[in-house]
Amino acid sequence: MSNPNAVDADLVIHASWIIPATEDNLVHRDACLAVADGKILGICSSHAADGHFRAGKTLHLDGQVLIPGLINTHGHAAMTLFRGIADDLPLQTWLEQHIWPLEAQFVSEDFVYQGTQLAIAEMIRSGTTCFADMYFFPEASARAATEAGMRVQLAAPVIDFPNPWSANADEGIFKTTQLHDAWRNSELVSTAFGPHAPYSVADGPLKRIAVLAEELDLPIHMHVHETALEVAQAVRDLGQRPIKRLYDLGLLSPRLICVHATQLNEQDIELLKESGAHVAHCPESNLKLASGFCPVDTLLTRGINVCLGTDGAASNNDLDMFSEMRSAALLAKAVSGDASALPAYRALRMATLDGARALGLDRMTGSLEPGKCADIVAVRLDELNTVPVHNPVSQLVYSTQASQVSHVWVNGKQLLNDGELTSINRRNLLEIARHWQDTLGTRYDTAKQ
Ligand SMILES: [Zn+2]
């Protein structure tokens with residue numbers, strides 16, 4: 001019998017486990033989560049559901065775990081169309097001799113729209129509900145994300161030299177403010193400044209970004225200390241390490257997301273800590289490009305917020321946050337020489353709530369808490385590779401395959417139903433990918449000869 005004091009819910013999802021990602025190792029067993037108007041109403045034990053909620057629709061997910069949607073805090077979604085095109089090369093060669101020439105030749109609004117659609121489909125399929133994206137034509141990415149019902153933070157690129165989207169840094173900054181104006185009331189799209197890297201943006205534009213970000217209350221998203229070469233060249237040419245330069249320019253603050261941070265000395269770490277800047281750790285991209293190792297365990301010990309990103313599919317080569325969590329946890333142990341470094345529950349929090357904090361979206365998403373948006377993922381743990389379930393958090397980080405993601409909701413809207421995409425046509429996407437495979441493949445092979 002329904003309790004007269006019960007609250008109306010559009011949807012009540014019962015699952016064998018619910019992990020809100022609010023506290024370390026908190027797992028609700030045989031529980032349910034209620035959703036109304038796209039927001040989370042609450043969580044209670046399944047047998048008490050009728051006392052709390054009057055369900056419009058009820059879903060029973062036995063053998064499954066509910067977690068907050070994963071947050072991929074760094075990537076270049078449209079670069080999915082370059083997946084596998086220039087592998088096994090060092091970063092500078094990869095960028096300067098392959099990626100930049102390809103971008104100059106092929107990147108357009110259509111390329112970005114279609115590449116981002118493909119990336120979003122892969123991300124939804126693997127449990128990501130929010131991604132931060134730094135790429136040209138961000139208005140096309142915004143369109144792809146809103147059509148798919150996906151949450152995105154667009155780090156609009158600012159680069160000194162001409163690129164497919166802007167002639168110089170000033171134009172990049174201006175277009176970022178336009179983008180912010182256009183999407184400021186969107187429920188799904190937020191904007192950030194995306195100065196590409198310390199070596200590709202001069203002091204003047206960086207200072208302006210620091211001021212504008214404060215005025216407009218926007219995050220700043222930047223590749224920082226990705227390789228030893230980047231730091232060595234800055235010391236040689238400018239006489240200081242990039243993080244110190246950013247500090248002097250007023251960019252280091254809780255607004256700044258430093259992507260990669262593989263080369264950190266004691267002074268860098270102290271400046272990150274003092275300023276409250278965040279680090280977006282991209283372990284698989286760093287491994288593939290042999291960029292170095294982010295000292296995650298040290299950063300966490302010092303109280304610096306570390307979140308996770310895949311980087312683009314051209315340097316990963318997928319957008320799977322489950323394998324990213326696993327790689328981060330394993331790499332942290334190897335780098336610190338300590339098997340207790342980055343335990344599973346912490347890796348899960350890095351991929352959820354700590355990611356939301358870095359993007360300034362933690363009041364909206366990142367955990368399963370009443371009042372937050374219903375960004376929810378269900379994962380099947382009753383598969384041969386994830387039983388017995390002694391510890392669902394351990395299974396999620398160390399054993400789960402992305403294909404075990406069964407259902408995904410963003411803002412309460414279902415985007416994946418029993419493994420099937422609901423807002424994106426898979427067949428169309430395969431055709432689009434085939435078109436770019438033919439277009440890029442033919443010309444790229446010719447260009448190499
Ligand atoms: Zn990147």
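**Charges at the surface and in pairs**

Modeller: Glu383 has a relative accessibility of 30% and therefore counts as partly exposed, since buried means under 20% relative accessible area, exposed over 50%, and partly exposed in between, with a 1.4 Å probe and protein chains only. Please keep in mind that this is a predicted model, in which local features need pLDDT of at least 70 and side-chain atom pairs count only at pLDDT 80 or more, while totals for chains, interfaces and linings use all residues. Residues are numbered from 1 along each chain as its sequence is written, and side-chain values use heavy atoms, with hydrogens and water left out.

Biologist: Where is the place of Glu383?

Modeller: Glu383 sits in the loop between strand β13 (376–380) and helix α15 (392–398); helices (H or I, at least four residues) and strands (E, at least two) are DSSP runs, numbered from the N terminus. Together with Asp30, Asp62 and Asp382, Glu383 forms a negative surface patch, a patch being made of residues with over 30% relative accessible area and no salt bridge, where like charges are joined within 9 Å.

Biologist: How many salt bridges does a search of the whole structure find?

Modeller: A salt bridge is a side-chain nitrogen of Lys or Arg within 4 Å of a carboxyl oxygen of Asp or Glu, and the search of the whole structure finds 22 of them. One is between Glu171 and Lys175, whose closest N and O atoms are 3.8 Å apart. Both residues belong to helix α5 (residues 169–183), and because they are 4 residues apart there, about one helical turn separates them. Glu171 is partly exposed at 29% relative accessible area, and Lys175 is partly exposed at 21%.

Biologist: Which parts of the chain does the pair of Arg255 and Glu214 link?

Modeller: The side chains of Arg255 and Glu214 meet in a salt bridge of 3.1 Å, N to O. This pair links distant parts of the chain, 41 residues apart, with Arg255 in the loop between α8 (242–248) and β10 (256–260) and Glu214 in helix α6 (residues 203–216). Arg255 counts as buried at 17% relative accessibility, whereas Glu214 counts as exposed at 52%.

Biologist: What do the side chains of Arg434 and Asp438 form?

Modeller: They meet in a salt bridge of 3.6 Å, N to O, and both residues lie in helix α16 (residues 426–448), 4 residues apart, about one turn of the helix. Asp438 is partly exposed, with a relative accessible area of 38%. Elsewhere, salt bridges that share partners join Asp24, Arg346, Arg349, Asp354 and Arg357 into one network.

Conventions:
Patch = residues over 30% accessible without salt bridge, like charges linked within 9 Å, V, L, I, M, F, W, Y side chains within 5 Å. Areas by Shrake-Rupley, 256 points an atom, 1.4 Å probe, with all protein chains shown as cover. Lys, Arg positive; Asp, Glu negative; His and termini not counted. Charge placed at Lys NZ, Arg CZ, Asp CG, Glu CD.
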